Amino acid sequence: MSENLNKFSKTLTQEVSNPASQAMLYAIGLKESDMSKPQIGIASTGYEGNPCNVHLNGLSVHVKKGIQANDMLGLIFHTIGVSDGMTNGNDGMSYSLPSRDIIADSIENVVCAQWYDGVITVVGCDKNMPGAIMAMARINRPAIMVYGGTVKTGLWKGKKLDIVSAFEAYGQKVSGTISEEDYKGIIQNSIPGQGACGGMYTANTMASSIEAMGLSLPFSSSYPATHEGKTAECVAIGAAMKNLLEKQILPKDIITKKSLENALTMVMALGGSTNAVLHYLAIAHAADIPLTYADIQRISDQTPFIADLKPSGKFFMEDILELGGVPAVMKYLMKEGLIHGDCMTVTGKTIAENLEIIPDLEFENQKMIHKISDPIKKTGHIQILYGNLAQKGGVAKITGKEGLVFEGIAKVCDKEEQMLEAFANGEIKAGQVIVIRYEGPKGGPGMPEMLKPTSAVMGAGLGDKVALITDGRFSGGTHGFVVGHISPEAYEGGTIALVKDGDKITIDANIRQLILHVSDEELNERRASWKPLTPPFVEKGVLRKYVKNVSGADEGCITDK
């Protein structure tokens, strides 16, 4: 080990002063020669119950081999994961967003308690990535994120499928437009194996934007889970970590206002998930960097939406690798002045230096990425809306395909289950603005995703005929005319709690307004008689702690403010 590497080993300093620590390390099989080596925590979110995470423990072993090959000690530990796809539409979804902060807390806890010199996180499903980055920012020791990779597409009767295909098949089944054979065929063939959901949903949104931010190696977000490049990336992590230790390049050297702008630019260009808004507000908080809705709207205003990717488009994440991967898209955006090339990355080089060897994006032989001069939408699809229905803001996903203005009559549903019941009973009709409330961070609790309602609507052919607003959030797989994150939420007496069936609502993305056409006098009368709908299962445990500590959606649903 080089003298410079030894110089920065905090673990060594701790253990010299603690003989019991050395004794315990001998007990796990280490030798005297190991005691002078930096210790690198390898945090895996692997578990057997979810295709996004089922292979991560195996990838962690490859990471450890790369660490050991570079004269360091790799020590694997584990933290939790929650499958968003499997919990959507049931009570389990209340635990999804809280898992982000549990992941961050647990990684911070282990790395700081054990005084590891650095940390590598091996992550898969949606909340894994932001949780890992939040922990890195808090700990601020050399760190790298490894993304487990996207799943390959499924196939049924010649049609490519993914997770959203399964949810939309439910809508087709309820509306009677799909046979039982095709329904089962789609369900059984949508997800062919390991890897995160295959479109530009939340997992791939966060992975690609974190790569743009500089905290994962180039191509980390582009290699599918089963691609040989994923194993090679894991092994290469060792040399990269050694370089970070020697140069003492820390997460807060990488997470800056400019690198956050790079990440958000990638979200907008690729048509990424609205969940990225919550997560980057939380990451910025962890890194002590001011970031607001105004910053996010500014990035959206200046970034064209150029990627024809699922859920609103035709292509899948696995297709990006064929045209040069996320680095090729980054290089194009940098050449167009939309990416800051001078930001540091975990390679020890800047974004611009990393991209020097990347071939230019070719437009002649592919239809997935549009030229900025011919975008799908001239500005970003994520729009922050305000109005008397969202005084602190709401987050809309407007790709342009569903129009920019929707005016309709409210169909009010307290909780997601009530909406699904109304849908099954044929009560959801064209011209309605479906209001799903008491699904916010406190009222949900846990700000559940409304993927099942939006998928049901799309599957029934109502995607361009209704709008949906909620104080909950949406999956990255959601598309259609939707506004989420409405704040203040219903549980805290926000205006969304006062809406009644038949009220007129206007959603105008042109002027970014969300208006309930009810007078202030009438709203005051309704507020005087309003009583909150209390979440049914928050008397104790993790959700009780979450409700007591979580901030509003406009602040990223952070729990350590």
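Q: Hello! Where in the structure does D71 lie?
A: D71 sits in the loop between α4 (56–68) and β2 (73–78). Please keep in mind as we go that this is a predicted model.

Q: What is phi of D71 near?
A: For D71, phi is near 60 degrees, which is a positive value in a residue other than glycine.

Q: And is D71 buried, partly exposed or exposed?
A: A residue counts as partly exposed when its relative accessible area falls between the 20% limit for buried and the 50% limit for exposed. D71 has 28% relative accessibility, so D71 counts as partly exposed.

Q: Which positive value of phi does K157 have?
A: The phi of K157 is about 50 degrees, and K157 is not a glycine. You will find K157 in the loop between β5 and β6 (159–161). With a relative accessibility of 58%, K157 counts as exposed.

Q: In which strand is W156 found?
A: W156 belongs to strand β5, which covers residues 154–156. Its relative accessible area is 23%, so W156 is partly exposed.

Q: Which residues does W156 touch, not counting those up to four places away in sequence?
A: Leaving out residues up to four places away in sequence, W156 touches L161, E181, D182, G185, I186 and N189.

Q: How many residues apart in sequence are P19 and K371?
A: P19 and K371 are 352 residues apart in sequence, with 61 Å between them in space, C-alpha to C-alpha. P19 itself is part of helix α3 (residues 19–27). P19 is exposed, because its relative accessible area of 59% is over the 50% limit.

Q: Let us turn to peptide bonds. Which residues does a cis peptide bond with omega of about 15 degrees join?
A: That bond joins K310 and P311. P311 is in the loop between α15 (293–302) and α16 (317–320). A cis peptide bond also runs from G444 to P445, where omega is near -10 degrees. For P445, look in the loop between β10 (432–437) and α20 (451–459).

Q: By what are two packed helices described?
A: The general idea is to give the angle between the two axes and the distance between those axes. Here is a case: the axes of helix α7 (residues 128–139) and helix α14 (residues 275–286) come within 8 Å and cross at roughly 15 degrees. Angles under 35 degrees count as roughly parallel, so α7 and α14 are roughly parallel to each other. The crossing of α7 and α14 is right-handed.

Q: Which residues of α7 and α14 make the contact?
A: On the α7 side they are P130, I133, M134, A137 and R138, and on the α14 side H279, A282, I283 and A286. By class, the contact of α7 with α14 has 7 nonpolar residues, 1 polar and 1 charged.

Q: At roughly how many degrees do the axes of α7 and α10 cross?
A: The axes of α7 and α10 cross at roughly 35 degrees and come within 9 Å. M129, P130 and I133 of α7 meet A203, M206, I210 and M213 of α10. The contact of α7 with α10 has 7 nonpolar residues, with no polar and no charged ones.

Q: At what angle do helix α10 and helix α17 pack?
A: Helix α10 (residues 202–213) packs with helix α17 (residues 325–335) at about 55 degrees, and their axes are 10 Å apart. Therefore α10 and α17 are oblique to each other. Their crossing is right-handed. S208, E211 and A212 of α10 meet V326, P327 and M330 of α17. The residues of this contact divide into 4 nonpolar, 1 polar and 1 charged.

Q: Where do nonpolar side chains tend to be in soluble globular proteins?
A: In such proteins, they tend to be buried together. In this model, the largest nonpolar core has 75 residues, and I107, I255 and Y280 touch the most other members. A second, separate core has 29 residues, including V326, V329, L338 and M368.

Q: Which residues does I255 touch, not counting residues up to four places away in sequence?
A: With those neighbours in sequence set aside, I255 touches I133, A137, M213, L215, L260, I283, A287 and I289.

Note on methods
Residues are numbered from 1 along each chain as its sequence is written. This is a predicted model: local features need pLDDT of at least 70, side-chain atom pairs count only at pLDDT 80 or more; totals for chains, interfaces and linings use all residues. Side-chain values use heavy atoms; hydrogens and water are left out. Axes are lines fitted to C-alpha atoms, for helices over the stretch in contact, and angles run from 0 to 180 degrees between N-to-C directions. Helices (H or I, at least four residues) and strands (E, at least two) are DSSP runs, numbered from the N terminus. Angles under 35 degrees count as roughly parallel, over 145 as roughly antiparallel, 65 to 115 as roughly perpendicular and the rest as oblique. A crossing is left-handed if the near helix is turned anticlockwise from the far one by less than a right angle, and right-handed if clockwise. Contact means heavy atoms within 4.5 Å. Ala, Val, Leu, Ile, Met, Phe, Trp, Tyr, Cys and Pro count as nonpolar, Asp, Glu, Lys and Arg as charged, and the others, Gly among them, as polar. A nonpolar core is a set of buried Ala, Val, Leu, Ile, Met, Phe, Trp, Tyr and Cys residues joined through side-chain atoms within 4.5 Å. Buried means under 20% relative accessible area, exposed over 50%, partly exposed in between (1.4 Å probe, protein chains only).
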